[in-house]
Amino acid sequence: MPPVPASKRTGVQGVFVAAITPRRQQEYSIDLGATLELIDFLGESGVDGIALLGSTGEFVHFDLDDRRHMVNFAAKRSRVPLLVNVSHSTLDGAIELAREAAGAGVAGVLLMPPHYFRHSQEEIRSFYLAYADAIEGVTPTYLYNIPAFTSEIASSTAAALLTSGRFCGIKDSSGSLEYFSELRAQCAGTPFTFLAGQERIYVQQRRAGAHGAVSGVASALPELMVALDRAVVAGEQERSQQLEARLMEFLVWSDLFTWPTAAKEALKQRKLKSGALAMPLSAEGDRKLQEFAEWFRGWLPAVLRESRRTK
């Protein structure tokens, strides 16, 4: 297969929302109506795009047919570009999902190494190259590094794949500040897109040259993440510090729960249908979530005002 043209290897940039996936009560299926309403809300918020069915989107809870069905409808509905996570526990599943997403007309797909079992770096490299052979460039593909949930893509492995010309970039959720600098050094002369997946270090990575973020926080607070991104890009130091402090306030609360519990509750407080949690909270968890909801209701208006403010 020929390499992906350089012009297509630096496509997406800015704030892409790692969207939650509303789930029906007492079912394993996606609430499509609620999902499309969320896509409308996010598309009107000023974000640069939406990433569906990633870790924040809890893709592991849904079967292939449900994922395909949702992507087809989402692609018709969305006013902004879509990235779709096509990760699966098998190579065949990833290939099938990628082909379906390409047929729906998405801007690109995200692909992590097969989850659950751990794999060597050579196995990971072979997996991605076999995938690239199978899809034959039908859609731009971005590596998805999230070592908390599956095998890490070492920077040397990512560099080998990116310099092959068969992948467009990478979403890195490792939380490592060094990963981007190592990768950029190893890929010297090769254009690729770097999307940050960890909000705590986003400002540092964006200033260092990252092209944007795929942000789970943006699922609940798209206005804040867009305002922060624009302030960083514009070099507005004081404003970016103020907005980053607001982001950290939200993250302190979100750390009390399994992700994306806080994002789902925040959307509920914003009068959007966020769907059922994957598993019930403990009595203490319920109490903390009620405290979070009360805090969020009082906190949100000022954050929205600050996010809208211009120079």
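The model is a predicted one.

- Strand E2 spans residues 49-52 and is covered on both faces.
- Gly49 and Ala51 lie on one side of E2, Ile50 and Leu52 lie on the other, and all four are buried.
- Strand E1 (residues 14-18) pairs with E2 in the parallel sense through three bridges, and Ala18 sits opposite Ala51 of E2.
- E2 is also joined by three bridges to strand E3 (residues 82-85), again running parallel.

- Thr141 belongs to strand E5, which covers residues 141-145.
- Its relative accessibility is 2%, so Thr141 counts as buried.
- Leaving aside residues up to four places away in sequence, Thr141 touches Val109, Leu111, Tyr131, Ile135, Phe167, Cys168 and Gly169.

**Helices H9 and H10**

- H9 (residues 222-233) packs against H10 (residues 237-254) at an angle of about 150°, and their axes are 9 Å apart.
- Angles over 145 degrees count as roughly antiparallel, so H9 and H10 are roughly antiparallel to each other.
- The crossing of H9 and H10 is left-handed.
- On the H9 side, the contact is made by Leu224, Met225, Ala227, Leu228, Ala231 and Val232.
- H10 contributes Arg239, Ser240, Leu243, Glu244, Arg246 and Leu247.
- Sorted by class, this H9 and H10 contact holds eight nonpolar, one polar and three charged residues.

**Helices H1 and H2**

- H1 (residues 32-43) and H2 (residues 64-77) pack at about 35°, with 10 Å between their axes.
- Their crossing is right-handed.
- H1 brings Leu32, Thr35, Leu36, Ile39 and Asp40 to the contact, while H2 brings His69, Met70, Phe73, Ala74 and Arg77.
- By class, the contact of H1 with H2 has six nonpolar, two polar and two charged residues.

Methods: Residues numbered from 1 in each chain as written. Predicted model: local features only at pLDDT ≥ 70, side-chain atom pairs only at ≥ 80, totals over all residues. Heavy atoms only, no water. Axes fitted to C-alpha atoms, helices over the stretch in contact; angles between N-to-C directions. Helix = DSSP H or I, 4+ residues; strand = E, 2+ residues; numbered from the N terminus. Parallel < 35°, antiparallel > 145°, perpendicular 65-115°, else oblique. Left-handed = near helix turned anticlockwise from the far one by under 90°. Contact = heavy atoms within 4.5 Å. Nonpolar A, V, L, I, M, F, W, Y, C, P; charged D, E, K, R; others polar. Buried < 20%, exposed > 50% of the residue type's maximum accessible area, 1.4 Å probe, protein only. Pairing = 2+ DSSP bridges.
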